Amino acid sequence: MVSEKIAQLINEQIAHEQYAAQYYLSMSAWFFAKDLDGIANYFRVQSKEELMHADKMFDYLNDVGGQIIIGEIAKPPHDFENAVDIFEKALEHEKKVTRSIFNIVKNANDEGDFATTSFLQWFINEQVEEEASASQYVTKIKMVCDNPSALYLFDQELSQRVFVPDTKA
Ligand code: FEO
């Protein structure tokens with residue numbers, strides 16, 4: 001049902017999502033090493049969400065009869081300048097993911113592959129949310145990074161984030 005080209009793009013996207021999971025896990029480790037466990041938790045949950053995104057694509061590609069090919073995942077950076085640098089890189093990465101998803105949607109539209117465009121609608125909405133929250137956290141970390149009391153409260157806020165598994169069985 002799905003074309004080879006769309007299958008290839010989805011396979012690539014699975015690898016992008018898995019890379020994003022590794023990237024955020026690396027960011028999480030940086031914050032754990034700084035004893036900012038709340039912010040570390042935020043990125044760890046983000047990492048789990050990315051794996052969930054990859055899983056959703058894996059399941060979809062299987063459902064539409066595409067060949068699943070697991071790609072190579074590059075080693076993410078681990079040496080970050082500071083907390084602001086990490087949040088800025090996270091936002092940058094989300095924008096990259098959004099462009100990549102739009103590209104699949106564009107190709108699926110061109111092919112009249114409405115199953116794929118419909119499937120990807122969830123990801124488009126998710127990217128709107130992810131970019132909005134990543135952008136908000138860039139603003140917040142810039143506000144608090146030089147003020148230990150404010151940073152403590154920010155760390156507490158982010159410690160509240162929990163991973164919510166996808167409800168689709
Ligand atoms: Fe799977 Fe953060 O995009």
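**View A. Helix 1 and helix 2 have axes that come within 8 Å and cross at roughly 165°.** The axes are lines fitted to C-alpha atoms over the stretch in contact, with angles from 0 to 180 degrees between N-to-C directions. Helices here are DSSP runs (H or I, at least four residues), numbered from the N terminus. This is a predicted model, in which local features need pLDDT of at least 70, side-chain atom pairs count only at pLDDT 80 or more, and totals for chains, interfaces and linings use all residues. Residues are numbered from 1 along each chain as its sequence is written, and side-chain values use heavy atoms, without hydrogens and water. Helix 1 and helix 2 are therefore roughly antiparallel (an angle over 145 degrees). Their crossing is left-handed (the near helix is turned anticlockwise from the far one by less than a right angle). The residues of this contact comprise 19 nonpolar, seven polar and four charged (nonpolar: Ala, Val, Leu, Ile, Met, Phe, Trp, Tyr, Cys and Pro; charged: Asp, Glu, Lys and Arg; polar: the others, Gly among them).

**View B. Helix 1 covers residues 4–33.** Its 30 residues reach 44 Å from the first C-alpha to the last, close to the 44 Å expected (1.5 Å times one less than the number of residues). Aspartate 35, which follows helix 1, has a positive phi, near 60°.

**View C. Helix 3, residues 83–111, crosses helix 1 at roughly 170°.** The axes of helix 1 and helix 3 come within 11 Å. That angle makes helix 1 roughly antiparallel to helix 3. In the contact of helix 1 with helix 3 there are 18 nonpolar, six polar and five charged residues.

**View D. Helix 2 (residues 37–63) and helix 5 (residues 148–159) cross at roughly 35°.** Their axes come within 7 Å, and helix 2 passes helix 5 in a left-handed crossing. On helix 2 the contact (heavy atoms within 4.5 Å) is made by Asp37, Gly38, Ile39, Asn41 and Tyr42. On helix 5 the contact is made by Leu151, Phe154, Asp155, Leu158 and Ser159. The residues of this contact divide into five nonpolar, three polar and two charged.

How values were computed: Helices (H or I, at least four residues) and strands (E, at least two) are DSSP runs, numbered from the N terminus. Angles under 35 degrees count as roughly parallel, over 145 as roughly antiparallel, 65 to 115 as roughly perpendicular and the rest as oblique.
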